[in-house]
Amino acid sequence: MNHFDTEEITLICLYNAGSRLDTVDELKNMMQYLMFDETDLKKLSEQVIQKLAQMSDAEFEQLLADIAPDFIPWE
């Protein structure tokens, strides 16, 4: 499984849409609104999207269970 640092986990929590692919879509949507000087957030978002693309849905669900076991809004 991919290892996520604290900033990446924070971004996942902020843009978690209930599934791995929906979270990727939310991140891509957010990136459309970044200003030209928000290069760090763009790079971080791209890293998270790449890592999410390489993992399975089951791995994503386990990641969510590990980082926020008491907060699963879609259940």
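## The big picture

Take the contacts in this protein between residues at least 6 apart in sequence: 63% of them join residues at least 24 apart. Keep in mind as you look around that this is a predicted model.

What is the chain built from? The protein has 4 helices and 0 strands, and reading along the sequence gives the pattern α-α-α-α. There are 75 residues in the protein, and 27% of them count as buried.

## The core

Let's start with the nonpolar residues. In soluble globular proteins, nonpolar side chains tend to be buried together. Here, the largest nonpolar core has 16 residues. Which residues have the most contacts inside this core? They are Ile 12, Leu 27 and Leu 52. Helices α1, α2, α3 and α4 each supply at least two residues of the core.

Pick out Leu 52 to see some of this for yourself. Leaving aside neighbours within four places in sequence, Leu 52 is in contact with Phe 4, Ile 12, Arg 20, Thr 23, Val 24, Leu 27 and Phe 60. Two names on that list, Ile 12 and Leu 27, are also among the residues with the most contacts inside the core.

## How α1 meets α2

Now follow helix α1 and see what it touches. The axes of α1 and α2 come within 9 Å and cross at roughly 95°. That angle makes α1 roughly perpendicular to α2. On the α1 side, the contact is made by Leu 11, Ile 12 and Tyr 15; on the α2 side, by Thr 23, Glu 26, Leu 27 and Met 30. Sort the residues of this contact of α1 with α2 by class and you get 5 nonpolar, 1 polar and 1 charged.

## How α1 meets α3

Next comes α3. Its axis and that of α1 come within 10 Å and cross at roughly 80°, so α1 and α3 are roughly perpendicular to each other. From α1, the residues taking part are Glu 7, Glu 8, Leu 11 and Ile 12. From α3, they are Leu 41, Leu 44, Ser 45, Gln 47, Val 48, Lys 51 and Leu 52. By class, the contact of α1 with α3 has 6 nonpolar, 2 polar and 3 charged residues.

How many residues separate Gln 47 from Phe 4 in sequence? They are 43 residues apart, and their C-alpha atoms are 9.5 Å apart in space.

## How α1 meets α4

What angle do the axes of α1 and α4 make? They cross at roughly 100° and come within 12 Å. So α1 and α4 are roughly perpendicular to each other as well. Here Ile 9, Ile 12 and Cys 13 in α1 meet Phe 60, Leu 63, Leu 64 and Ile 67 in α4. The class count for the contact of α1 with α4 is 7 nonpolar, no polar and no charged residues.

## Two salt bridges

Let's turn to charged side chains. How many salt bridges are there? The count comes to 2. One of them joins Lys 51 and Glu 8, with the closest N and O atoms 2.9 Å apart. This pair links distant parts of the chain: Lys 51 is in helix α3 (residues 39-53) and Glu 8 in helix α1 (residues 6-15), 43 residues apart. Is Glu 8 buried or exposed? Glu 8 has a relative accessible area of 1%, so it counts as buried, because buried means under 20%. Lys 51, at 22% relative accessibility, counts as partly exposed. Not counting residues up to four places away in sequence, Glu 8 touches His 3, Leu 44, Gln 47, Val 48 and Lys 51.

In another salt bridge, the side chains of Asp 57 and Arg 20 meet at 2.8 Å, N to O. Asp 57 lies in helix α4 (residues 57-67) and Arg 20 in helix α2 (residues 20-31), so this pair ties together parts that are 37 residues apart in sequence. Arg 20 is buried, with a relative accessible area of 12%, while Asp 57 is partly exposed at 41%.

Note on methods: Residues are numbered from 1 along each chain as its sequence is written. This is a predicted model: local features need pLDDT of at least 70, side-chain atom pairs count only at pLDDT 80 or more; totals for chains, interfaces and linings use all residues. Side-chain values use heavy atoms; hydrogens and water are left out. A salt bridge is a side-chain nitrogen of Lys or Arg within 4 Å of a carboxyl oxygen of Asp or Glu. Buried means under 20% relative accessible area, exposed over 50%, partly exposed in between (1.4 Å probe, protein chains only). Contact means heavy atoms within 4.5 Å. Axes are lines fitted to C-alpha atoms, for helices over the stretch in contact, and angles run from 0 to 180 degrees between N-to-C directions. Angles under 35 degrees count as roughly parallel, over 145 as roughly antiparallel, 65 to 115 as roughly perpendicular and the rest as oblique. Ala, Val, Leu, Ile, Met, Phe, Trp, Tyr, Cys and Pro count as nonpolar, Asp, Glu, Lys and Arg as charged, and the others, Gly among them, as polar. A nonpolar core is a set of buried Ala, Val, Leu, Ile, Met, Phe, Trp, Tyr and Cys residues joined through side-chain atoms within 4.5 Å.
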